[in-house]
Amino acid sequence: MPHPSAALALRVALPLPLPREFDYLPGSAGPPAPDWIGRRVRVPFGRGEQVGVISALVPVDEAGLELKAISGLLDPQPLLEGELLESLRWVARYYHAPLGEVIATCLPTALRAGQALPETCTYAQMLTPDGLEAAAKLRRGSNTRRLAEVLQSGPVEEDRLDQMFESWRTAARALAARGLVERVALPTAMEQAADDAAPILTDAQAEALATLREGTGFRACLIEGVTGSGKTELYLQAIRDCLAAGKQALVLVPEIGLTPQTLSRFRARLGLPVHAMHSGLADGARARAWAAMWRGEARVLVGTRSAVFAPLPEAGLIVVDEEHDGSYKQQDGIRYHARDLALVRGKALGIPVLLGSATPSLESLHNAMAGRYAHVRLNQRAGKARPPQVRVLDVRKRPLTHGLSKELLDGIARCLERGEQALVFKNRRGYAPVLLCHDCGWSAHCRRCSTPMQAQAMTLHGAAHGRASVATGRTAGAIGGRTLICHHCGARAARPPSCPDCASLALQPQGFGTERLEEALAARFPQAALIRVDRETTRRRDALQKHLQELGDASGILVGTQMLAKGHDLPRLTLVGVVGVDEGLYSADFRAGEKLAQLLIQVAGRAGRAELPGEVLLQTHHPDHPLLATLLVGGYPALAASELAQREAAGFPPYAHLALLRAEAPNEGDVQLFLREAKTVLEPLSRRERGRGEGSNDIEIHGPMAAPMARRAGRARGQLMLSSPQRPALQAALAGWVPALYELKSARKVRWSIDVDPIDLY
Ligand code: ADP
Ligand code: ZN
Ligand code: ZN
């Protein structure tokens, strides 16, 4: 029997890897109204329940399907609406992902699980009148005294206390028990005394700011400025404009760029609470920051990749700092690019989007050159800092001590004598990248990641858990490495006492990782404070900050990976030694040149940020390599121009658009079969697209082929690459293709995923 025409069912997006949504009856919560769209519901699914979001209201299916009723409507009003919901639909369409999964990626865990939108008033600690009196009598140097001193001039938000010192909660409890401190709730939008330390803008900055202020509505502006040229200062000015207009600002920073230093700089200058959102936050805190944006209470949010999904009901500005940074691209699940999404949202919201970098991505430069983005350049460092001197150390035929040249070691010695800090950069953690038998040639490789054609070496590490060594605490690296770790899959093995093949004892570590450099530097400079910074020594989020605080302004050596490349201000750092660029110079990845140049410039930018002049020593066996030559003579702009020309000639992004179908399975045959079938489905679709345009709608299909890493963690990996000069043609083909992939029988035996605009092909 047909249902009355008025009866509506709820179409619900569920967080499931299926290319469809599911319909439910409203049950006792009904009848549904249009403003149900965007609210969360709990629904029966299979044997359990799921939380989803209503994406549409549809006439109850007349096919006679037995629809189930929802078990509960969770929100009194839409959680996702307007621009945010539309942008999520865009993500689903563009990245060819189920809307339910996109929503699950966007929402903080607590909200995804169905919890109510949390309370968002901010709590602060303040001294009671008794506390004000007693403060001076607390024991000097104690945590309670420290807290009381911090609170002297008025209430301080707990978020800020978290940034200042870790143990404040214990101190606060002790003081509260004596009636000296109390907790007060503040409305989030509390004004604080704004710090008027804004510097007078340089001419270049003033001109750039004028450009930013031009126009209304959506516009994108690329700020290309060397490290220290005052980009952050410009963001701050633009954010102040935005706040003055009563609007919210969103600032995206790369994962390793979001430091307490960044936050405190923003907080000090904006005179408003600045909310933070990053992967180190507890679920509750994340949900609170999201909710505060949703309610419009939070006016400024600084966050990493996923903060791009924050609600912006009163949007005024989006800033993407270090826009070229690879951490903006999500590398599993929904593979969105936060910078690209920031632009999509900016357009939908009709607000300006600022992209800043010392080394813009070639994509953004290309857009700027095509006139789609305004392009402002800041060529000089602001303030007193001067650009560092870069010198190439040709180490061919020169003796190296543990991989370090004499000039570099002498440079470090002089730097330490001056009482300054030196940084030795090597983008490889561990003790040595290879453990080799000198007698038979055996080397340690990962069984789960190697194929007969392609061995993946295991890296030798000093200790099971590395730790930073400040001044005296050396790591166990002194014994030359104990553990073998595969950097691809995480597999571990003990270092064999002798060669497994020939029983020789001549097992030798080959090459240098940060641990080995640390050991070598410790032996050479036994008196110097030495800090190693890599993934091992900074497992805890605040570890890096702590090590750097311990070093303070004292003279010393930092040795580390790209974690040292940005974020922290190190005013005493005057020498940067770059070791091992050579490994990056010859890579098959078409982005390798761009990435290496960005990294080099970023690292070099750490030298001489304050009054002290900086020096960069680049140690290489290939001083004449075109990449280095171009970079040294013409700087990043010249390198970018040459890379762009090569990309155009080879038909790579930004001149072509790519999509990658990846598949992996224990059995290589399953991967091949799936990819072949997928290709068969794709071919007619790509021909159809070609028929539509005039030649330029071509979609090229490359593969099936093994992934550059053909095996990882015991799984065979393969891929199919699509490329087209026309984005719409590629998108149209994908739209027809991806739903069909779910239907393939061979898809059940593999794990597959689609990566639109992949940034690396691994
Ligand atoms: P970037 O973000 O490009 O690395 P910053 O905005 O952090 O540059 O500026 C680098 C340093 O120069 C900071 O210490 C900043 O306070 C200072 N600075 C920026 N603009 C000016 C200015 N106009 N006058 C004086 N100092 C400035
Ligand atoms: Zn051997
Ligand atoms: Zn492995």
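In what sense do strand β16 and β28 pair, and over how many bridges? In this predicted model, β16 (residues 389-394) runs parallel to β28, and six bridges join the two. D394 has T620 of β28 as its bridge partner. A further strand, β27 (residues 573-579), also pairs with β28 in the parallel sense, here over five bridges. Strand β28 itself spans residues 615-620 and is mostly covered. Five of its six residues are buried.

Four strands make up an open sheet, ordered β30-β31-β29-β32. The edges are held by β30 (700-712) and β32 (751-756). Each has a single partner strand, so one side of each lacks a neighbour in the sheet. From one strand to the next, the twist averages 20°. Seven bridges connect β30 with β31 (residues 715-724), and the pairing is antiparallel. M705 stands opposite Q719 of β31. Helix α21 (residues 727-743) packs on this sheet. The helix touches β29 (657-665), β31 and β32. The direction of α21 makes about 165° with that of β32.

Helix packing was examined for α1 and α12. Two packed helices are described by the angle between their axes and the distance between the axes. Helix α1 covers residues 82-94, and helix α12 covers residues 338-349. Their axes come within 10 Å and cross at roughly 140°. Angles over 145 degrees would count as roughly antiparallel. The two helices are therefore oblique to each other. The crossing of α1 past α12 is right-handed. On the α1 side, the contact is made by E83, L84, S87, W90 and V91. On the α12 side, L341, V344, R345, A348 and L349 take part. Seven residues of this contact are nonpolar, one is polar and two are charged.

Note on methods. Residues numbered from 1 in each chain as written. Chains lettered and ligands numbered in written order. Predicted model: local features only at pLDDT ≥ 70, side-chain atom pairs only at ≥ 80, totals over all residues. Heavy atoms only, no water. Axes fitted to C-alpha atoms, helices over the stretch in contact; angles between N-to-C directions. Parallel < 35°, antiparallel > 145°, perpendicular 65-115°, else oblique. Left-handed = near helix turned anticlockwise from the far one by under 90°. Contact = heavy atoms within 4.5 Å. Nonpolar A, V, L, I, M, F, W, Y, C, P; charged D, E, K, R; others polar. Buried < 20%, exposed > 50% of the residue type's maximum accessible area, 1.4 Å probe, protein only. Pairing = 2+ DSSP bridges.
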